[in-house]
Structure formats: C-alpha cells, structure tokens
Amino acid sequence: MNDDSQRPDREAEAQPEAGDSVSGAGQAAEAQDAQAAASDAGPIDEDIDAVRARADENWDKYLRAMAELENVRKRASRDAEKARRFALESFARELLNVRDSLEMGLAAAADTADDDPLKQGCKATLKLLSATMEQFGIEEVDPHGEPFDPQQHEAMTMQPSNEAEPGTVLTVYQKGYALNGRLLRPARVVVAQAPVEAGAGE
C-alpha cells in the first residue's frame, strides 16, 4: 500500500511540465531563426563586398581619367605657347636677308658723308627693322671675342692669333640670330688658335 501511494508522485516527477516543453520549443525556433538569418547574411555580405570592389575600381578609373585630362590640358597649353612664340620662325628667317642687305649697304657707304640722304635713309630703315625684330623676340648673336660655342656658332676657319685666346671668336663673318632663345641662324665666325712657333714645322 505504501508502494501504490508513492507511484503517482514518481510519475509526476518523471513527466515534464507543460511550461518546460513550450520553452524548449521556443528555444529551438529561435535557434532555427538565427541559423536562417546567418545563412541569409552570407549573400548580403558578399553583395556588399562586390559593390565596394566595383566602387573602388570606378574611383580608380576616375582618378586616372582626371590625371590624363590634366596632362592633355598641359600639353595643349604648351603646344599653343610654342606655336605662338615660334609662329614667325619662317618669316623671321626671310627678314634676316633684308637686314643683311641693309648692313652691307651701309658698310659699303662708310666712306660717304653722314649727311648723305641715301645713307641716312638706310640707317633709319635698319634702326626701324632692328626695333621691330627685337619686339617680336628676334635677337642678334654677335659673339666677337667670346668663346666659340658650336651650338650657336659656325666656324668657317681657324686663324693663329697672338692677341686672342685660343678657342675664342676672332672675326664674325656673318652675325647669327635667335627667336625667343631658339637659334634661327648660327653666327659664321673665324676661331682663334695658338700661333705657330717659328721652327715648329721643321
């Protein structure tokens, strides 16, 4: 009788309470939801990474395009400046012949009187031409007495000299000219060399 009276209590202890079963089911559901959310988050993270990669790639392309555009702008500006400065190059070379002719005419008329109208007219014309050439950046290259520079001068011959230093310009046959620093025509010169000592050739 004592055993029968104790059996219901044991059965009651063995059976889980209704609240416990509901709580376990809830936890299982939450675990499933968390797993489903984690599985859904994977593709989203991958999409975000892909979008970021594309954004970085597009930003890099943008920077490269801007740099290239700036380079093109600078090149165009340099080309325009060069064209502006040297557009008169061909015309300036032709003017050199006119100036040479005027200078040779005045040299030929050196023995005539200074008040000669023709001589005065040539002087005035040469002065006006020289001022105009300087205004447009045409500079005279007259290297008399200066060291010979093969970049600016053309040596016609060499001549021994006791007065000039060897390697210097002794005589200028024809003056040179430059346009904004660029050589139009080299100066044609005679270059001094050391004098030959007597008996050196024997």
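A: Let's begin with one term: a contact means heavy atoms within 4.5 Å. Keep in mind that this is a predicted model. Counting contacts with a separation of 6 or more in the protein chain, 64% come from residues 24 or more positions apart.

Q: What pattern does the protein chain follow, read along the sequence?
A: It goes α-α-α-α-β-β-β-β-β-β, which comprises 4 helices and 6 strands. As for burial, 19% of the 202 residues count as buried.

Q: How do I read a sheet? Which strands form the open sheet with antiparallel pairing?
A: The general idea is this: strands of a sheet pair through backbone hydrogen bonds, either parallel or antiparallel. Here, the order β1-β4-β5 gives an open sheet of 3 strands, paired antiparallel. At its edges sit β1 (138–141) and β5 (182–185), each pairing on one side only. On average, neighbouring strands of this sheet are turned by 35° against each other, direction ignored. Zoom in on β1 and β4 (residues 176–179), and you'll find 4 bridges in the antiparallel sense. One of the residues to look up is E139, whose bridge partner in β4 is A178.

Q: Which helix packs on that sheet?
A: That's α3, which touches β1, β4 and β5. The direction of α3 makes about 50° with that of β5. Helix α3 has 20 residues and spans 29 Å from its first C-alpha to its last, close to the 28 Å expected at 1.5 Å a residue.

Q: Which residues of α3 are buried?
A: The list is E89, A92, L95, L96, R99, D100, L102, E103 and L106. Take E89 as a worked case: the cut-off for buried is under 20% relative accessible area, and E89 counts as buried because its relative accessibility is 15%. Setting aside neighbours within four places in sequence, E89 is in contact with L179, R182 and L184.

Q: Where does L184 lie, and is L184 buried or exposed?
A: L184 lies in strand β5. Its relative accessibility is 9%, so L184 counts as buried. Not counting residues up to four places away in sequence, L184 touches E89, A92, R93, L96, I138, Y177, A178 and L179.

Q: What about two helices side by side? At what angle do α3 and α4 pack?
A: For a helix pair, look at the angle, the distance and the handedness. Helix α3 (residues 89–108) and helix α4 (residues 117–135) pack at about 150°, with axes 10 Å apart. Their crossing is left-handed. On the α3 side, the residues that meet α4 are L95, L96, V98, R99, L102, E103 and L106. Their counterparts in α4 include C122, L126, L129 and M133. By type, the residues of this contact are 9 nonpolar, 2 polar and 4 charged.

Q: Which strands form the open sheet with mixed pairing?
A: Those are 3 strands in the order β2-β6-β3. The edge strands are β2 (153–160) and β3 (169–174), each of which pairs on one side only. From one strand to the next, the twist averages 25°. Strands β3 and β6 (residues 187–193) run antiparallel and are joined by 4 bridges. To check one yourself, find V169: its bridge partner in β6 is V191.

Definitions and conventions
Residues numbered from 1 in each chain as written. Predicted model: local features only at pLDDT ≥ 70, side-chain atom pairs only at ≥ 80, totals over all residues. Heavy atoms only, no water. Axes fitted to C-alpha atoms, helices over the stretch in contact; angles between N-to-C directions. Left-handed = near helix turned anticlockwise from the far one by under 90°. Nonpolar A, V, L, I, M, F, W, Y, C, P; charged D, E, K, R; others polar. Pairing = 2+ DSSP bridges. Expected span 1.5 Å × (residues − 1). Buried < 20%, exposed > 50% of the residue type's maximum accessible area, 1.4 Å probe, protein only.
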